[in-house]
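Dear colleague,

Please find the structure below. My notes on what was found in it follow directly after.

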Amino acid sequence: MAKITWKMEDGSEITVDVKDGLNLMEAATANNVPHIEGECGGCLSCATCHVFVEPEWLARTGEVDDIEDTMLEMTDVEREDNSRLSCQIIASPELDGLVLHVPEPE
Amino acid sequence: MSAPVVIVGAGQAAASFISRHAALGSSEKLLLIGEEPHPPYQRPPLSKKYLLGELERERLFIRPLEWYAQQGVETRFDTRIDEIRPDRRQVVTADGENIDYDKLILCTGSHARRLPAEIGGNLPGVYTLRSIEDIDRMAPEFQAGRKLLVVGGGYIGLEAAAVARQLGLEVTLLEMADRILQRVAAAETSNYFRKLHSGHGVDLRESTRMTRLLEGDGTVCGAELESGEIIDAELVLVGIGGSPNTELAQAAGLDCDNGIRVNDICQSSEPDIFAAGDCASFSRNGQQIRLESVQNAADQGDLIARVLAGEDVSYTALPWFWSDQYDCKLQIVGLNQGHDHTVIRAGTSDSSLSVWYYQGDRLLAIDAMNEPKSYAFGRKIIENGVNPTPGQVADPATDLKALALGK
């Protein structure tokens, strides 16, 4: 279990306990986090689950592989150094307290 | 009290409509009616991870069941609609209940075509693949060493063949056209997947017609080919395409043409009735088309919510699609219908390749096999109307990102 917080641009926040093994795109859509769609179900084809990871947490969310790195080029809001596709971050106890910022497309 | 917006069909398009409706803060009441017993779920993983046993059922659901109530949406699953009465703005359930609607959104989807009963299409052990129940019925039969016959070399058949090989079944796949994926892809893409499946031990037979399925001990036991050859099989998966669920719409007098005909705001010939997803037929580049894909269902559902909220929008979304087979990720962007030539871009490894479809100088679509760069940047290249020359595409030194950005 990990307590995950999504922070929106309007200042609102959603914090949820996420079961180990679920990816954070699934956790977001299940908990009505806005702007996270995850249309491809987490198979790295849609780039609609883009988040910015609070920098201090970045290393703990794991490596960005080549496919994710490429798909991050397709996001609506331009990627930054702390961009991840949240379908590729898997909940685990090490991520307890993780904060994600949700970009809002224009 | 005014009648609700009624959504008939609880799949991807419905979920997307409701999500957008909620996000826009729209005030109309929604009633979601689905024939299946489940809330909307993802179908693409059915023929992949769900059949493989790597994904629990709950993880297929696009939103958890309680989400709908949280959005103020009334849901009625396991409920079939038998009739639409546009003159009274009512739908009628199989139990004879009349339900009033203000607007009606048809997300009725499509169904898998079956082989005729006369040639064994309804024998026990013959499956089609479209729903959770289909997989739950067939999955126990996917045991190592058993013999599976796949009829049809489209994406569903190929994905199921890949899963079956991974689970250790013996697989024969029949395609009556001269190549697999003939209706949907260029020969180069067919060649890639033929090699992939043959390399994984699928007995893949193209230009091969089956005359009938054979019965033994009350269940399917094989197939007879036109050549007279008998193929043994303990189970059969029929993947010969889908047909739109238009019976309700047709009976109600809506214009249908291989799907419920809709305009560029997904509105049918009845102004208060909209249609989205697999069941909707629409005009694109002068052709009447219908798409069976998550992208199309999600984008059309989303669009209808915007239209009902008064936004001035129309459906122009660029199609995309994917398939996973063994260790190959196929990603497609654009629509290749009407292409007159293709250009091959070699990948960075033996197992990667992309096929670029052109109509004259215009780039229409890309099939990217283990080539996410061709897909991701190709999407931008198409969106930005770049139309690179064949020479640029074929040259491995071309920087696709720079091309996409017009540099």
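In which sense do strand β10 (residues 147-151) of chain B and β16(B) pair, and over how many bridges? They pair in the parallel sense, over four bridges. Within this pairing, Leu149(B) has Val236(B) as its bridge partner in β16(B). Two strands count as paired if DSSP finds at least two bridges between them; helices (H or I, at least four residues) and strands (E, at least two) are DSSP runs, numbered from the N terminus.

Before the remaining findings, some conventions. This is a predicted model, in which local features need pLDDT of at least 70 and side-chain atom pairs count only at pLDDT 80 or more, while totals for chains, interfaces and linings use all residues. Residues are numbered from 1 along each chain as its sequence is written, and chains are lettered from A and ligands numbered from 1 in the order in which they are written.

The model scores ipTM 0.94 and pTM 0.96. Chain B has an average pLDDT (the predictor's confidence in each residue, from 0 to 100) of 97, and 100% of its residues score at least 70.

Strand β16(B) also runs parallel to strand β9 (residues 126-127) of chain B, joined to it by two bridges; here Tyr127(B) stands opposite Leu237(B). Strand β16 (residues 235-238) is covered on both faces, with Leu235(B) and Leu237(B) buried on one side and Val236(B) and Val238(B) buried on the other. A residue is buried if 20 or more other C-beta atoms, placed from the backbone, lie within 10 Å of its own, exposed if 12 or fewer, and partly exposed in between.

Chain B also holds an open sheet of three strands with mixed pairing, in the order β18-β20-β21. Its edge strands, each pairing on one side only, are β18 (260-261) and β21 (287-289). Strand β20 (residues 280-284) of chain B pairs with β21(B) in the antiparallel sense over three bridges, and Arg284(B) has Gln287(B) as its bridge partner.

Two residues other than glycine have positive phi values. For Asn32(A), phi is near 65 degrees; this residue sits in the loop between α1 and β3 (50-53) of chain A and is partly exposed, with 18 other C-beta atoms within 10 Å. For Leu181(B), phi is about 60 degrees; this residue lies in the loop between β11 (170-174) and α6 (187-199) of chain B and counts as buried because it has 24 C-beta neighbours inside 10 Å.

Kind regards
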